[in-house]
Amino acid sequence: MKIAVVGTGYVGLVSGTCFADSGNEVTCVDIDEQKIEQLNQGQIPIYEPGLSELVLRCVAQGRLHFTTNLPHSIKQADLVYLAVGTPQSEDGSADLTALKIVVDQIAPHLPDEAIVVIKSTVPVGTNEMAYQRLKELTGRECHVASNPEFLKEGAAINDFMYPDRVVVGVRTKENAEVLRELYAPFLRTEHPFLVMSPESAELTKYVANALLSTKISFINEMANICEKMNGDINDVRRGIGHDQRIGFAFLFPGCGYGGSCFPKDVRALASIARNVGVEPRIMDSVDDVNNRQKHVLIEKIETHFDGQLSGKTIAVWGLAFKPRTDDIREAPALVLIDRMLEQGAQVQVHDPEATANVRDIYGSRIKYATQPNDALEGADALAICTEWSEFRHPNFPEMRRRLNTPLVFDGRNLYDPEQMQEEGFTYHSIGRRTVSPAT
Ligand SMILES: NC(=O)c1ccc[n+]([C@@H]2O[C@H](COP(=O)([O-])OP(=O)(O)OC[C@H]3O[C@@H](n4cnc5c(N)ncnc54)[C@H](O)[C@@H]3O)[C@@H](O)[C@H]2O)c1
């Protein structure tokens, strides 16, 4: 099939590349000229494991193209995928400005039989809105479908190639069959292809993210209770996770969730609920708990230093909102850095992939280290905000040598408190007892 993907961000680039890899002819379109130029020079603008190799292979085989020329790519397409951003508006709802612009732009060039497929995460009713708008602009009944994306940054290629399920929201059986054929190469392991109405498909995406965010905020709240009661959240987590009704997924306590999806999607679902007269109590609480959780590590640091952070140096390991990505949108590390700077502390950071994005925000206000241990040099404490694998087995004696004080605030519970005590650290984590070196 010939596919145009409009919006070449995390989702558009991954989807377009995977569709091209399975034999389709794909053109990825974006308004960002620099991004398209980079891609045409073989440079991948985001870090996503495995993506670069796949893009280069598909380009070399002539099945993947990048352009800013929207009309040209639409005219030849069987499928027009929309994957532009739908960020949060001021009132919490999803901002559909980019999507609406693209719908207007594609209308004059859309072939009669082409299906417009909305992959962006959009509020219920957006498919219908796009359908009505295209009808108004073209004077005919256009095909519009919903195909929400469930990939995780950091594992996006694998998630796209081997999805747990594919959800499509369609008005006609014919549209469902075209999309079933498109996805057939990705569903050879018999994972389901679920056909429903566009409204249900639009909601499915929000409900999935809402439940995952709820699990995180739930375990974070339990961790905070555990800590006050001398319990250990890790033991409690294991105690509940073996219950098959509960399981372990997304029940890891930490310093809050971030990223481009969970925070905005939880707020957007709350906004959708309010608009239809349903009080979104759970969603409001999930968001509130998460915003507070981003301050838990900060409060531990402030308490330890009696609020006197001026002149202290804090090292930060992990800036991306999660490992294996360079995405720092709503990352807990940024909240921590802001607060440390506000209080007059010096900050020196390390992240395997996200440093360039963080540099764009803070410039020379903080120091950047290319190696984890270099960030520790002369620091009064280390704060860990992302669970990159390379932080899991550090050289503890070397860490002690580099730090001014053997003091660690771990927002991701990477280490065993007993071991940290033996290694001579004062060690704070989430939902577990704080340990100090044995005297
Ligand atoms: N990032 C994720 O992990 C993820 C996962 C599932 C779903 N989603 C959803 O997918 C959508 C896209 O997310 P993303 O993270 O890829 O966003 P992104 O910000 O990385 O990419 C969006 C791209 O759209 C481009 N764009 C904006 N206006 C355009 C226009 N008029 N014409 C052409 N291109 C235009 C931007 O330049 C940008 O490159 C969002 O709705 C998001 O909620 C994201």
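Modeller: Helix H1 (10–21) and helix H5 (97–106) each supply at least two residues of the shell around the ligand. Helices here are DSSP runs of H or I with at least four residues, numbered from the N terminus. This is a predicted model: local features need pLDDT of at least 70, side-chain atom pairs count only at pLDDT 80 or more, and totals for chains, interfaces and linings use all residues. Residues are numbered from 1 along each chain as its sequence is written.

The shell holds 26 residues. A residue belongs if its C-beta atom, placed from the backbone, lies within 6 Å of the molecule. Gly7, Gly9, Val11, Ser120 and Thr121 come nearest. By class, the shell has 12 nonpolar, 9 polar and 5 charged residues. Nonpolar means Ala, Val, Leu, Ile, Met, Phe, Trp, Tyr, Cys and Pro; charged means Asp, Glu, Lys and Arg; the others, Gly among them, are polar.

Now the whole chain. An automatic or database assignment sets the domain bounds. The assignment gives domain 1 (2–195), domain 2 (206–292) and domain 3 (294–428). The C-alpha centres of domain 1 and domain 3 lie 37 Å apart. Their contact takes 7 residues from domain 1 and 7 residues from domain 3. Contact means C-beta atoms, placed from the backbone, within 7 Å. The side of domain 1 that touches domain 3 has 4 nonpolar, 1 polar and 2 charged residues.

Not counting residues up to four places away in sequence, Ala383 touches Leu297, Ile301, Ile314, Val316, Leu336, Phe409 and Gly411.

Conventions
Contact = placed C-beta atoms within 7 Å.
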